[in-house]
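Subject: Structure for you to look at

Hi,

Here is the structure I promised to pass on. Have a look at it first, and then read my notes below.

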Amino acid sequence: METFTIKNKHLSISCLNYGAAMTSLIVKDKLGKEINVIYGFKDPKDYDHNTYYLGAAVGRIAGRIGGGGFTLNEVFYPLYNDNGVHLHGGTEGFSFRDWELEEITEGEQPEITLKRSSENMEDGYPGNLEVSVTYKLIDNKLSIRFTAESDQDTYVNFTNHNYYNLAGEGSILDQELYMDAASWQEKDEKNLATGKLLDVTNTPFDFRSPRNVGSHPDFKGIDDCFSLGDEEVSAGLYSPESGIEMKVYTNQAAVVVFTPETIDKKEYLNPDPGTYPAICFETQGFNNAPNKPEFPSILLKKGERYINESVYEFNIR
Ligand code: GAL
């Protein structure tokens, strides 16, 4: 496995070619101390068994697909599934493959581009797919940009799976969360999106006014796909402890927010994670969209270009 690092005055990031996984994202706190605001394994070999998809690029379809696969242009494509659920592109998805370095640049706006060619029917998906991900630092912003092109109609939904903690340790329950989301996807007992959207009003999921992640009396963790509104900032997180604030901008329709109670018991670059150690902002299309025409489509037509561009901006307040 190879590690690549880029930095500018404000930020520094490292990633692996394996899974295009981001292993660190360093931001200065209110005292000027460097904080790694994502969880990354100390030993790159641990990414081989990355059950939580730490920092990884996830695809071809992030999230859960039900029904054992999908039908496209009247052909049923079975996908690897566990009890009818296909998760994060399958057991050998893009998070568990070597990507190739296309370009790495230095300077005030450095960037790393990794790419992968995925053959027709790889992991059960139709179309030869050319995929790239670019990590770029623009002043105090990290841009994560996925592109994909296929020689056949296909479905795609890539995302990045960073686990953020703006204090670099402790719990995110007392960090302040904002989400421009008035609804989220209803799930069945297998965590599959049913096709319905639920209103966040008077639920633990209403973060339209910023408040602490764990502040609602009925909070039991979040692992849900939220429908994004039209505000410029789609989501935000703030740690009073470090003074670091993150704003998320995206061209995607939804964000999966995930706050696991625990993550793998392995050695991390940061102090050992405790309970509710981190929060993911997986900007993407709606979960299970190929089987639920009620949701905006994630179809990528032959010859067209898929772009998921999400920007994470860091400030002190
Ligand atoms: C999230 C998903 C969770 C879990 C996690 C990986 O994107 O919503 O349910 O599978 O990835 O551990």
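One term before we start: a polar contact here is a pair of N or O atoms within 3.5 Å; within protein, one must be able to donate a hydrogen and the other to accept it, and residues adjacent in sequence count only if both atoms are side-chain atoms. With that in hand, go to Asp223, where an N or O atom of the side chain is 2.5 Å from an oxygen atom of the ligand. The protein covers 90% of the 310 Å² of accessible area that the ligand has on its own (Shrake-Rupley method, 1.4 Å probe; for residues, only the protein chains shown count as cover).

Some housekeeping: this is a predicted model, where local features need pLDDT of at least 70 and side-chain atom pairs count only at pLDDT 80 or more, while totals for chains, interfaces and linings use all residues. Residues are numbered from 1 along each chain as its sequence is written, and side-chain values use heavy atoms, with hydrogens and water left out.

Back to the ligand. Arg64 has a polar side-chain atom 2.9 Å from a ligand oxygen, and His161 also places a polar side-chain atom 2.9 Å from an oxygen atom of the ligand. Which residues are around the ligand? They are Thr51, Tyr52, Tyr53, Arg64, Leu87, His88, His161, Tyr163, Asp223, Val256, Phe258 and Glu282 (each with a heavy atom within 4 Å of the ligand). This shell divides into 6 nonpolar, 3 polar and 3 charged residues (Ala, Val, Leu, Ile, Met, Phe, Trp, Tyr, Cys and Pro count as nonpolar, Asp, Glu, Lys and Arg as charged, and the others, Gly among them, as polar).

Now for some residues in the loops. Asn50 is in the loop between β4 and β5 (57-58) (strands are DSSP runs of E, at least two residues, numbered from the N terminus). Is Asn50 buried or exposed? Asn50 is buried, at 2% relative accessible area (buried means under 20%, exposed over 50%, partly exposed in between, with a 1.4 Å probe and protein chains only). A polar atom of the Asn50 side chain lies 2.8 Å from the backbone nitrogen of Leu54.

Asn157 is in the loop between β14 (154-155) and β15 (159-160). Asn157 is buried too, with a relative accessible area of 1%, and its side chain has a polar contact of 3.1 Å with that of Gln284. Ala20, in the loop between β2 (11-16) and β3 (22-28), is buried at 0% relative accessibility. Thr113 is 93 residues from Ala20 along the chain, and their C-alpha atoms are separated by 9.4 Å.

For contrast, Glu34 in strand β4 (residues 34-36) is exposed, with a relative accessible area of 57%.

Last, the backbone. Most residues other than glycine have a negative phi, and most peptide bonds are trans. Asn73 is not a glycine, yet has a positive phi of about 50 degrees; Asn73 sits in the loop between β7 (69-72) and β8 (75-78) and is exposed at 55%. Asp139, also not a glycine, has a positive phi of about 50 degrees. Its place is the loop between β12 (129-138) and β13 (141-150), where Asp139 is partly exposed at 36%. Where is the cis peptide bond? It joins Gly59 and Arg60, with omega at about 10 degrees, and Arg60 lies in the loop between β5 and β6 (64-65).

Cheers

Methods. Helix = DSSP H or I, 4+ residues; strand = E, 2+ residues; numbered from the N terminus.
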